[in-house]
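These are my notebook entries on a structure that I looked up step by step. I define each term where I first need it.

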Amino acid sequence: MIRNWIKTGAAEAMCRTGLDRLAGSLSGAKGCPLIIGYHRVVEDFAYSAKTSIPSMLVSLGMLERHLDWIGQRFRFISLDEVGARLEGRDGRQDPVAAVTFDDGYRDFYDHALPLLKRKGIPAAVFVVTDLVGAKRVQIHDKLYLLLARRFKPDHGAKTPYQATRALLEGLAQTEIEAVIQTMESEAPIPEDTFRPFYSLTWEMLDEIRRAGMTIGSHTQTHVLMTKESGQRVTEETAGSRKEIEERLGTSVQHFAYPSGIFNTATVDAVAAAGYRFGYTTCTHRDARRPLLTAPRTLLWENSCRDSHGLFSGSILNCQIHRAFELLSGCRQSHCRPGE
């Protein structure tokens, strides 16, 4: 509560004084179009948060509030148009914004797509190809569900989310799968529990593409690329691009790093796989390949709520200018191991 009150007061003060824009001018995002990222879009945030990682959720109503506020200040453009700006092929200086959705959850089709079509807003969906049309779920969703059911604060992790993140960022994917298998054998989760987490089908993706949305890659299995071998990273990046292009008959130019985590080796792999543009979740840019490390601002249900629990334009303004990140800096290491 106190933290929320401080955040609300700080946002209002920064917006009044222009410090929010100053912070934005000092960040690595300076000169880049605004790119917003979301994950799941749900009808009822409180209900979905009982079984989902809360920070991956935004309700349809809150999403509309975000888009309306941004749309009054920015012109929405597609990722291809973002690419033109990044490459300097579009010399206009008007403020523009692009909207993206990670992981390819089916609720994008159910909830976000009708809203975007009604408002005439282009968007991009980054899909995990091995899960498209499958009755399997993202590894982070299953791990969180299992941990939340048996969680006891330990080893510095105060919440199931912190424990989930620690495992995801500390282990290779095969090791995480072994942890999941052990927990499932001890306390299996009913299959119906996983239905809200299902991914889009190829038929849905084709309809989404025909509606004017961009389909990009998010690897084959949502692997955290910095924890894997070079061969695995190559397979994940090149394989996902190839499958999308073959299934949908479209060129895939855009790639989003799972969890926004990358280093120089993974950026090189994305370049070798043939992508022209890559998107992260921090302001660090690879000086050699800035087009493959474009920053995004990830938002969720509570990221722009004030101390009264209401939507705050001041807080959203500070979020998109990354004013809150100026002091915290980047928590990631973006170098190759040993560099």
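**Entry 1. Terms and ground rules**

I call a residue buried when its relative accessible area is under 20%, exposed when it is over 50%, and partly exposed in between, using a 1.4 Å probe and protein chains only. The model is predicted, so I note that local features need pLDDT of at least 70 and side-chain atom pairs count only at pLDDT 80 or more, while totals for chains, interfaces and linings use all residues. Residues are numbered from 1 along each chain as its sequence is written, and side-chain values use heavy atoms, with hydrogens and water left out.

**Entry 2. Salt bridges**

Side chains of opposite charge can pair when their charged atoms come close. I took a salt bridge to be a side-chain nitrogen of Lys or Arg within 4 Å of a carboxyl oxygen of Asp or Glu.

I looked up glutamate 245 and found it in a salt bridge with arginine 241, with 3.5 Å between the closest N and O atoms. Helices (H or I, at least four residues) and strands (E, at least two) are DSSP runs, numbered from the N terminus. The two residues, glutamate 245 and arginine 241, are four residues apart in helix α11 (residues 230–248), so about one helical turn separates them. Is glutamate 245 buried or partly exposed? Glutamate 245 has 24% relative accessibility and is therefore partly exposed. Arginine 241, at 16%, counts as buried.

Aspartate 286 and arginine 288 also form a salt bridge, at 2.8 Å from N to O. I recorded aspartate 286 as buried at 6% and arginine 288 as partly exposed at 48%.

In a further salt bridge, glutamate 301 meets arginine 305 with the closest N and O atoms 2.7 Å apart. Glutamate 301 is buried at 4%, and arginine 305 is partly exposed at 21%. Elsewhere, Arg75, Arg85, Asp90, Arg92 and Asp94 belong to one network, joined by salt bridges that share partners.

**Entry 3. Strands**

In a regular strand the side chains alternate between the two faces of the sheet. I checked both faces of strand β7 (residues 214–217): Thr214 and Gly216 lie on one side, Ile215 and Ser217 on the other, and all are buried. Two strands pair if DSSP finds at least two bridges between them. Strand β6 (residues 123–127) runs parallel to β7, and four bridges join them. Which residue of β7 is the bridge partner of alanine 124? The partner is threonine 214.

I then turned to threonine 297 in strand β10 (residues 297–298). Threonine 297 is buried, at 5%. I counted a contact when heavy atoms lie within 4.5 Å. Beyond its neighbours within four places in sequence, threonine 297 is in contact with residues including Leu34, Ile36, Gln319 and Arg322.

**Entry 4. Positive phi**

Most residues other than glycine have a negative phi. I noted that aspartate 103 has a positive phi, near 85°. Aspartate 103 lies in strand β5 (residues 96–103) and is buried at 1%. Serine 259 also has a positive phi, near 60°. Serine 259 sits in the loop between β8 (254–256) and α12 (264–272), and is partly exposed at 37%.

**Entry 5. Nonpolar cores**

A nonpolar core is a set of buried Ala, Val, Leu, Ile, Met, Phe, Trp, Tyr and Cys residues joined through side-chain atoms within 4.5 Å. The largest has 57 residues, of which Leu63, Ile70, Phe101, Leu116, Leu205 and Ile208 touch the most other members. A second, separate core has 17 residues, among them Leu146 and Met183.

**Entry 6. Aromatic rings**

Rings of Phe, Tyr and Trp (its six-membered ring) pair if their centres lie within 6.5 Å; planes under 30 degrees apart count as stacked, over 60 as edge-to-face and the rest as tilted. I found seven aromatic pairs in the whole structure. Why is the pair of phenylalanine 255 and tyrosine 275 called tilted? The ring centres of phenylalanine 255 and tyrosine 275 are 5.1 Å apart and the planes are at 50°, so the pair is tilted. Both phenylalanine 255 and tyrosine 275 are buried. Ring pairs link Phe255, Tyr257, Phe262 and Tyr275 into a cluster.
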